Amino acid sequence: MREPLYGAAFSSRVPMVELIRTGDVIMLGWLRKRLSEAGIETHVFDAHTSSLYGGALDAVAARVMVAEADAARARLILAEAYRLAADE
């Protein structure tokens with residue numbers, strides 16, 4: 001079993017899980033805003049590296065991390081994003 005990741009940006013040392021990898025800055029901004037509105041704290045790993053390539057390389061996509069305890073609620077919000085994108 002892999003050791004859990006901990007984020008210094010979180011209020012305390014809580015285990016985090018990856019919610020999504022994306023190079024889409026619009027999706028990233030929308031998702032972080034919605035998660036924040038729901039009271040879910042996020043941390044984005046590799047955001048600066050991802051932005052250097054404009055999302056063109058999946059290998060360096062930004063990773064949105066959430067507390068393990070918030071993962072189920074965060075996935076519901078992520079599903080909302082996919083539903084909205086499909087309606088476009």
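The second largest pocket of this predicted model is lined by Asp24, Ile26, Met27, Trp30, Ala81, Tyr82, Leu84 and Ala85. A pocket here is an open set of points on a 1 Å grid over the protein atoms alone, where a 1.4 Å probe fits, with protein on both sides within 12 Å along at least five of seven lines; lining residues have an atom within 4 Å of a point. Helix 3 gives the largest share of this lining, four residues. By class, the lining has seven nonpolar residues, no polar ones and one charged (Ala, Val, Leu, Ile, Met, Phe, Trp, Tyr, Cys and Pro count as nonpolar, Asp, Glu, Lys and Arg as charged, the others, Gly among them, as polar).

Helix 1 (residues 25-37) and helix 3 (residues 71-87) have axes that come within 10 Å and cross at roughly 135°. Helices are DSSP runs of H or I, at least four residues, numbered from the N terminus; axes are lines fitted to C-alpha atoms over the stretch in contact, with angles from 0 to 180 degrees between N-to-C directions. Helix 1 is therefore oblique to helix 3 (under 35 degrees is roughly parallel, over 145 roughly antiparallel, 65 to 115 roughly perpendicular, the rest oblique). On the helix 1 side, the contact (heavy atoms within 4.5 Å) is made by Met27, Trp30, Leu31, Arg34 and Leu35.

Residues are numbered from 1 along each chain as its sequence is written. Local features need pLDDT of at least 70, side-chain atom pairs count only at pLDDT 80 or more, totals for chains, interfaces and linings use all residues, and side-chain values use heavy atoms, without hydrogens and water.

Terms used:
Helices (H or I, at least four residues) and strands (E, at least two) are DSSP runs, numbered from the N terminus.
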